[in-house]
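Biologist: I'd like a close look at just one part of this model, and I'd rather have one connected story than a list. Here is what I have open.

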Amino acid sequence: MKLLDQNLSYRMLAELEPAFPGSSQAMRLELQKADDHAIWQYAKDHGFTIVTLDSDFHELATLYGTPPKIIWLKFGNRPRLYVANLLLKHGQQIKEFGQNAEVAVLEIY
């Protein structure tokens, strides 16, 4: 399951659901005003991987390790369909990342 950070649109969940069932977005979970630590803890407690544009989660992963795992999107703001298609394009890589206990952060460009 993927948890989209506040800076990513909940509207892309429809495109992502077939490949990443059970995914959600911060606003959908009433975390839109939560700080990064609260989102981190929610993801950890509920088995989510955080998908974000925010480098702060990379820093938390470096400090605390996993869980949760982080998918760090390393590009500026893009339309939601661009982001959704990029995540789907990297679906196999994301799946393998989820199964690799040694890696905490996956960077996608």
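Which residue in strand 5 does Ile71 stand opposite?

Modeller: Ile71 stands opposite Leu106 in strand 5. A word on the ground rules: this is a predicted model, with local features needing pLDDT of at least 70 and side-chain atom pairs counting only at pLDDT 80 or more, while totals for chains, interfaces and linings use all residues. Residues are numbered from 1 along each chain as its sequence is written, and side-chain values use heavy atoms, leaving out hydrogens and water.

Let's stay with strand 4, residues 70-73. Strands here are DSSP E runs of at least two residues and helices are H or I runs of at least four, both numbered from the N terminus. Strand 4 and strand 5 pair in the parallel sense over 4 bridges, where pairing takes at least two DSSP bridges between two strands. Further along, Leu73 has Ile108 of strand 5 as its bridge partner. On the strand 3 side, the pairing with strand 4 is also parallel, over 3 bridges, and Ile50 finds its bridge partner in Ile70.

Zooming out, the open sheet has 5 strands in the order 2-1-3-4-5, with parallel pairing. Its edges are strand 2 (24-25) and strand 5 (105-108), each pairing on one side only. Helix 4 (residues 80-89) packs on this sheet, touching strand 3 (49-52), strand 4 and strand 5, with contact meaning heavy atoms within 4.5 Å. The direction of helix 4 makes about 130 degrees with that of strand 4; axes are lines fitted to C-alpha atoms, for helices over the stretch in contact, and angles run from 0 to 180 degrees between N-to-C directions. Helix 5 (residues 91-99) packs on the sheet too, touching strand 1 (2-4), strand 3, strand 4 and strand 5, and its direction makes about 165 degrees with that of strand 5.

Now the side chains. In a regular strand they alternate between the two faces of the sheet. Ile70 and Trp72 point one way from strand 4, Ile71 and Leu73 point the other way, and all are buried. Buried means under 20% relative accessible area, exposed means over 50%, and partly exposed is in between (1.4 Å probe, protein chains only).

Helix 4 has buried residues as well: Val83, Ala84, Leu86 and Leu87. They fall within an arc of 160 degrees seen down the helix axis, so they line one face of helix 4; that arc is taken from the directions from the axis to the C-beta atoms. Their cover includes helix 1, strand 3, strand 4, helix 5 and strand 5.

Glu107 lies in strand 5 and Lys74 in the loop between strand 4 and helix 4, so the pair ties together parts 33 residues apart in sequence. Glu107 is partly exposed at 31% relative accessibility, and Lys74 is partly exposed at 30%.
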